[in-house]
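Keep the model open as you read.

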Amino acid sequence: MSGDSKNFVPAIQGLRGVAALSVLIVHLQDMPLLAGFLPSIWSWLEATVNMGGHGVELFFMISGFLIPASLVRHRSVGKFFLDRCLRILPVFVILHVILFTLGPLVGYKFFKGIDLPTYLKLFFVNLAFLPDALGLPIGQQNAWTLSYEWAFYILFAVVFVMVVRWRSWLLAAPFILLALAGIAFRPIAAFFLVGLLFSFADLRIRIAGWPGLLAGVLCGVAMYVSIEYLHPLVGLIPGALLFGMVLAPDSGAAVALSGKFLQFLGKVSYSLYLVHPFALFPLQVTGVKLAAHGVNLWLLWAGFAGLGLVAALIAGTVSYELIEVRLRRLLDPALRGLLFGVRREARYVA
């Protein structure tokens, strides 16, 4: 989303923060579990925390809502994709290089037992966001969602050009069918459609005050539970109700999402989402070593969760400031001048 004030929706920024924090909380439990130093906890608690991974569906709804307006605003598919690349690639590529450079040196399990040809294949396949499509291992834990994002950008842009500019539904039909086939194969992709619905239709759900906040929380919980235990398509209903409340600026849910902390989390959410597994990894390794020396598992988990939360927030903030802001400030005018023959002040797409 553009940094222009007229296009900025605080509640969407806050919803981004909720989505990123939701995924982070999952890994504060999942990484100790995989490393073997998570203490025995109630199964219902473990299952409840694990549902936090469905924060990615919140990201999909947000993209579905913002991308159409972004494409129209750019008035150029090329400029639209340049902004998408400048938004997504710098953080991803830097982390990708770090992973494939330092990962083998620190004994990251992803690289155990692979030869040079396999290493090179995984390097380029992961760089192109294709490991999930090709059935290959994913290097960055959370980067699998970027494959969905790019597929949505490409398909929507193609359909947009064919329908809006070429005025041909016939040419667009195969790509629409391809998108529907993708949803049948990966139902969580249907959450992009929720955002698209609200992008094209002026639908808002205005429930003010604490009843609106309660309604938003209940819809969010119902969405997570439906995706986890029923079917992602069932979760579309509470998800759409939640999103309708988020977009109504005077609703209780929107007001709560506009708070300062969630605005901060939303601002750094992309960096926080991608960087936090890297920030948590040293703590995970330390936890394994301390557990082997008999340190109490509850103490280890508490320390991992507390220090991990702080480390993730710091790493996400540093990544945002150095890569998303400063590096982009250097890249944006240079690439825009090279590709389109124009130079202008960097504009940040969130």
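**Helix α4 against helix α7**

- The axes of α4 and α7 come within 12 Å and cross at roughly 175°. Axes here are lines fitted to C-alpha atoms, for helices over the stretch in contact, and angles run from 0 to 180 degrees between N-to-C directions.
- That angle makes α4 roughly antiparallel to α7. Angles under 35 degrees count as roughly parallel, over 145 as roughly antiparallel, 65 to 115 as roughly perpendicular and the rest as oblique.
- Helices (H or I, at least four residues) and strands (E, at least two) are DSSP runs, numbered from the N terminus.
- This is a predicted model: local features need pLDDT of at least 70, side-chain atom pairs count only at pLDDT 80 or more, and totals for chains, interfaces and linings use all residues. Residues are numbered from 1 along each chain as its sequence is written, and side-chain values use heavy atoms, with hydrogens and water left out.
- On the α4 side, the contact is made by Val77, Phe80, Phe81, Arg84, Cys85, Ile88 and Phe92. On the α7 side, Leu146, Trp150, Tyr153, Ile154, Ala157, Val161 and Arg165 take part. Contact means heavy atoms within 4.5 Å.
- By class, the contact of α4 with α7 has 12 nonpolar, no polar and 2 charged residues. Ala, Val, Leu, Ile, Met, Phe, Trp, Tyr, Cys and Pro count as nonpolar, Asp, Glu, Lys and Arg as charged, and the others, Gly among them, as polar.

**Helix α4 against helix α5**

- Helix α4 covers residues 77–106, and helix α5 covers residues 116–127. They pack at an angle of about 165°, with their axes 11 Å apart.
- So α4 is roughly antiparallel to α5.
- The crossing of α4 and α5 is right-handed. A crossing is left-handed if the near helix is turned anticlockwise from the far one by less than a right angle, and right-handed if clockwise.
- From α4, the contact uses Phe92, Val93, His96, Phe100, Thr101 and Pro104. From α5, it uses Tyr119, Leu122, Phe123, Asn126 and Leu127.
- The α4 contact with α5 has 8 nonpolar, 3 polar and no charged residues.

**Helix α3 against helix α4**

- The axes of α3 and α4 come within 8 Å and cross at roughly 125°.
- That angle makes α3 oblique to α4.
- The crossing of α3 and α4 is right-handed.
- Ile67, Ser70, Leu71 and His74 of α3 meet Val77, Lys79, Phe80, Asp83 and Arg84 of α4.
- The residues of this contact of α3 with α4 divide into 4 nonpolar, 2 polar and 3 charged.

**Threonine 145**

- Threonine 145 sits in helix α7, which spans residues 144–165.
- Is threonine 145 buried or exposed? Threonine 145 is buried, with a relative accessible area of 5%. Buried means under 20% relative accessible area, exposed over 50%, partly exposed in between (1.4 Å probe, protein chains only).
- Threonine 145 touches Val56, Phe60 and Tyr273, not counting residues up to four places away in sequence.
- The side chain of threonine 145 makes a polar contact with the side chain of tyrosine 273 at 3.1 Å. A polar contact is a pair of N or O atoms within 3.5 Å; within protein, one must be able to donate a hydrogen and the other to accept it, and residues adjacent in sequence count only if both atoms are side-chain atoms.
- The threonine 145 side chain also reaches the backbone oxygen of asparagine 142, at 3.1 Å.

**Tyrosine 224**

- Tyrosine 224 lies in helix α10, residues 209–230.
- Tyrosine 224 is buried, with a relative accessible area of 14%.
- Leaving out residues up to four places away in sequence, tyrosine 224 touches Ser22, Met51, Gly52, His54, Gly55 and Leu58.
- A polar atom of the tyrosine 224 side chain lies 3.5 Å from the backbone nitrogen of glycine 55.

**Two arginines with positive phi**

- Most residues other than glycine have a negative phi.
- Arginine 75 has a phi near 60°, a positive value. Arginine 75 is in the loop between α3 (55–74) and α4. Arginine 75 is exposed, with a relative accessible area of 71%.
- Arginine 167 has a phi near 55°, also positive. Arginine 167 lies in the loop between α7 and α8 (169–185). Arginine 167 counts as exposed, at 71% relative accessibility.
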